[in-house]
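Please describe this structure for someone who is seeing it for the first time. Short sections will do.

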Amino acid sequence: MRDNNNSPINQKINIKKITNLPGFSSFTSALMAIVLGLIFGFFVMLAAAPANAVAGFRYVLMGGLGRIGDVFYFATPILMTGLAVGFAFKMGLFNIGASGQYTMGMFFALYVGFMWDLPGAMQWIAAIIAGMVGGMLWGLIPGIFKALMNVNEVITSIMFNYIGMYLVDMLIQGNSVMYISTKTRTNYLPSTVQIPSLGIPGSNVNLGIIFAIIFGVILYIVLQKTTFGYELKATGFNKYAAEYAGMKGKTNIIITMAIAGGLAGLGGAFAILAPSAIAGSSMTYEPVNIIAANGFNGIAVALLGSAHPIGTIFSALFISYIQRGGTLASLVGYKPEIIDIVIAVIIYFSAFAMIMNHAAASFVKKRLGKVDKAADTFALQEDDPNNSEKGAE
Amino acid sequence: MENYIIEMLNITKEFPGIVANDDITLRLKKGEIHALLGENGAGKSTLMSVLFGLYQPEKGEIRMNGQPVKINNPNDANALGIGMVHQHFKLVEIFTVLENIILGVEPNKMGFLQKQEARDKVVALSEKYGLKVDPDSLIEDITVGMQQRVEILKMLYRDNEILIFDEPTAVLTPQEIKELLQIMKGFAAEGKSILFITHKLNEIMEVADRCSVLRKGKYIGTVEVQETTKEELSRMMVGRDISFSVDKEDRNPGDVVLSVRDVTVASKTHKNNSVKGVSFDVRAGEIVCLAGIDGNGQTEFVHALTGLEKLVSGSISLCGKDITKASIRERSTSGMSHIPEDRHKHGLVLDYSLEENLVLQRYWQPQFQNKGFIKFDEMRKYAEKLIEKFDIRSGQGPVTPARSMSGGNQQKAIIAREIDKDHELLVAVQPTRGLDVGAIEYIHKQLIERRDAGKAVLLVSLELEEVMNVSDRILVMYEGEIVGELDPKSTTVQELGLYMSGAKRDTPKEIKNAG
């Protein structure tokens, strides 16, 4: 008996280390959400058109593989808005205004792109920075309201989505350099303002995704390694204790909202400054009074990534991946809305999974824990490593 | 066979990673007051929750009058005549006393409430047992003592025969405690059976017939109270000898460290000020205790003192420096340490690890950060030092989540943090609340050590024993004012109680003379 136990026990210790990691339950919950969402999505497809469900579902699952460039390209803006929502969330602020910040960032970037004349690469770099400033401004204002007058940031930032969107639409329509009224869209940006492409054929993927991932990593470092991150998380966990410890809650709220806004603004800049595969054209913006969906997608991305910057990188890539696959499902007759439903379900389940994650994680732990006492039931523990390895894939 | 009304036999209740009740047997005789004694985390609450139907035990059975019974939820418990006064009252604040008492068992005809019927029964009960309450007052308007009477009436209204009291005296004045103990004796004389959960050995000695002791989830034994002593009970509870008298030598206080003048603080809940013109000094090397019943302005005063709330008027100076308008951080760096009243709300970030909590007041100092980056190795070293020095026990050392630590060790962590930080004044607000005798002894030692090290200590306490034993000087606060200054050596608990309940007060002139 003893001899038999040796190797599983060693394995068990390793698994235990993993299950005890703080990120483990977030990871399992995201995974569970995805799996349940996909299963549900399959049933939706089955209900919509039973004959094509398998083929369509294969596209959803695998379709993104053939379009990796696009996966990264479309992940860029939602990664930035995801970071914007997640970062504020770490401080206990619900930044629902990522859309407005995104739109403002896009406008500032466009403005610099059209109206300024800088040499070479300076132009697009300045436009990106302008985008960040625009978003910051739109995050800063709700932050100031929250800090100084205790106005709920959810309300102000929702309002600022509309204010930002109408303001931008008005400003663009009133500017004859930027706007072509006959086509109800903005003019093509000169190629010097476009962010350099990464050169993957058939895709617009550009340096933006690299910057976005770098921002994710920087945020991770800020949150985990700096005193500012320490204060920010302390405030998010327990604002009373943060106040008791003499942290400057109000200043931190304003800084956090400004940073969050800046991130969303960068998302807007990355989206509008992306290079076009067709020579002589560019991304355009249509001022048609619609709130930017990428802002709200950011909430979903942040939620699926548990507001963790690194988790957000992966969840943005995943959502982009599944969206690419979803558009391909239209080849077998599915409406692209189906894939929106599947994504919505994944997000929905991720909220559930927050509750279920404890069940899942403690289930694994419990089974391992029981083995501690009853050494002869090691058959169980051999199951467990397998299970969690499967899960990890 | 003896006449046991309730028998809990070989109860085992496990939670993940911990056996909260390990083979515990508790037998309650009809008409007795049975005390249940144990440290925090000893398993008293779990055992009572099992009896009340909130948890299902893994092993063991419950018998009533010798018959096995199954208690799946509190409704089952209620149907068997088991009632409980929880430590934190379960009352609807904006309902009247009567409405709270009948809540859940409202007498009705065709769905229409029959209040008169209920009122008659409540009035009859309150007269019979001397539980004075006004059935039409709102809960939020009556004192804590009265709220407790409402809880007791709730049990009586439901004709409960087995009454569980979970630390009922923690919130009461000495006079109220005396009344409550009398009432409990009355119930017992009438044949009701009482389970009395408490930390306070004096109360057990006074009213209980028998006492069962739990330690770390295990059953230690049951003793006849008449045949035992406080010392023996505490030894059973803690597993070692505990000294009850606090050893401290007389010291001559030094210079004034804290000076408070005419401090007035607004109330958050009502229009009156909750602190009205409070003035006093605390000197180096003395422990001044701010005594009073909960809710008489102590909390608001401490918040104003420590910077969590603004003053309406008045001034505060620390070591000669005016800190009336200083920020919390400035007060902290000027030499104020603060052990807060609510360790979960203010004292700890429960989702942070122990080490992160230990640097909560000094993470910004050069020792722990370089250009904004936290020095994690320094933090770890510092945490290990404090853990060793203050004997903070936890599952995983510095990386233990604060949430998973026991209340006593959480409090030790806060005390370690506040004492190790440079300070001239230590403000300790109810530092021993909810802790067991072992931890209390430890904390009292720490406070006295601070005093002996020449620091000024302002202790805010509701516990009379603590007030009398630890302090050098007592200031009694009543309705936001200081109504008396007493010397613990020459005063009595009874006199202190009179001041605390507002029955006696000195004029401001007398207080000044006494000081």
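## Terms and numbering

Helices (H or I, at least four residues) and strands (E, at least two) are DSSP runs, numbered from the N terminus. By that rule, Lys218(B) sits in strand E12 (residues 218-224) of chain B.

This is a predicted model, in which local features need pLDDT of at least 70, side-chain atom pairs count only at pLDDT 80 or more, and totals for chains, interfaces and linings use all residues. Residues are numbered from 1 along each chain as its sequence is written, while chains are lettered from A and ligands numbered from 1 in the order in which they are written.

## Lys218 of chain B

A residue is buried if 20 or more other C-beta atoms lie within 10 Å of its own, exposed if 12 or fewer, and partly exposed in between; C-beta atoms are placed from the backbone. Lys218(B) has 15 other C-beta atoms within 10 Å, so it is partly exposed. Thr12(B) is 206 residues from Lys218(B) in sequence. In space, the two are 9.5 Å apart, C-alpha to C-alpha.

Chain A has 15 helices and two strands. It has 393 residues, and 50% of them count as buried. Two residues are in contact if their C-beta atoms, placed from the backbone, lie within 7 Å. Take the contacts in chain A between residues at least 6 apart in sequence: 79% join residues at least 24 apart.

The contact between the chains takes 17 residues from chain A and 23 residues from chain B. On the chain B side, helix H10 (328-333), helix H11 (343-347) and strand E20 (373-374) give two or more residues each. That side holds 13 nonpolar, seven polar and three charged residues. Here Ala, Val, Leu, Ile, Met, Phe, Trp, Tyr, Cys and Pro count as nonpolar, Asp, Glu, Lys and Arg as charged, and the others, Gly among them, as polar.

## Domains of chain B

Chain B is divided into domain 1 (4-238), domain 2 (244-335 + 424-515) and domain 3 (346-421). These bounds come from an automatic or database domain assignment. The centres of domain 1 and domain 2 of chain B, taken over C-alpha atoms, are separated by 34 Å.

In chain B, eleven residues of domain 1 are in contact with 13 residues of domain 2. Helix H6 (174-189) and helix H8 (230-238) of chain B give two or more residues to the domain 1 side. H8(B) gives the most, with three residues. The domain 1 side divides into five nonpolar, five polar and one charged.

Two strands pair if DSSP finds at least two bridges between them. In chain B, six strands form an open sheet with mixed pairing, in the order E18-E21-E22-E15-E23-E24. Strand E18 (336-339) and strand E24 (481-486) of chain B are the edge strands, and each pairs on one side only. From one strand to the next, the twist averages 20°. E18(B) runs parallel to strand E21 (residues 425-429) of chain B, over four bridges. Ile339(B) has Ala428(B) in E21(B) as its bridge partner.

Two helices on this sheet come next. Helix H9 (residues 298-306) of chain B packs on the sheet, and its direction makes about 150° with that of E21(B). Helix H17 (residues 493-500) of chain B also packs on the sheet, touching E15, E23 and E24 of chain B. The direction of H17(B) makes about 35° with that of E23(B). Axes are lines fitted to C-alpha atoms, for helices over the stretch in contact, and angles run from 0 to 180 degrees between N-to-C directions.

## Helix H14

Helix H14 (residues 407-420) of chain B has 14 residues. From its first C-alpha to its last it reaches 20 Å, close to the 20 Å expected at 1.5 Å a residue. The expected span is 1.5 Å times one less than the number of residues.

Among the buried residues are Lys412(B), Arg417(B) and Glu418(B). The cover includes E18, H11 and helix H13 (376-390) of chain B.

## The four-stranded sheet

Another open sheet of chain B has four strands in the order E14-E13-E16-E17, with antiparallel pairing. Strand E14 (273-283) and strand E17 (321-322) of chain B each have a single partner strand, so one side of each is left without a neighbour in the sheet. Strand E13 (residues 256-266) and strand E16 (residues 313-318) of chain B are joined by five bridges. Opposite Val260(B) stands Ile316(B) in E16(B).

E16(B) and E17(B) form a hairpin with two residues between them. Cys319(B), in the turn, has a positive phi of about 50°.
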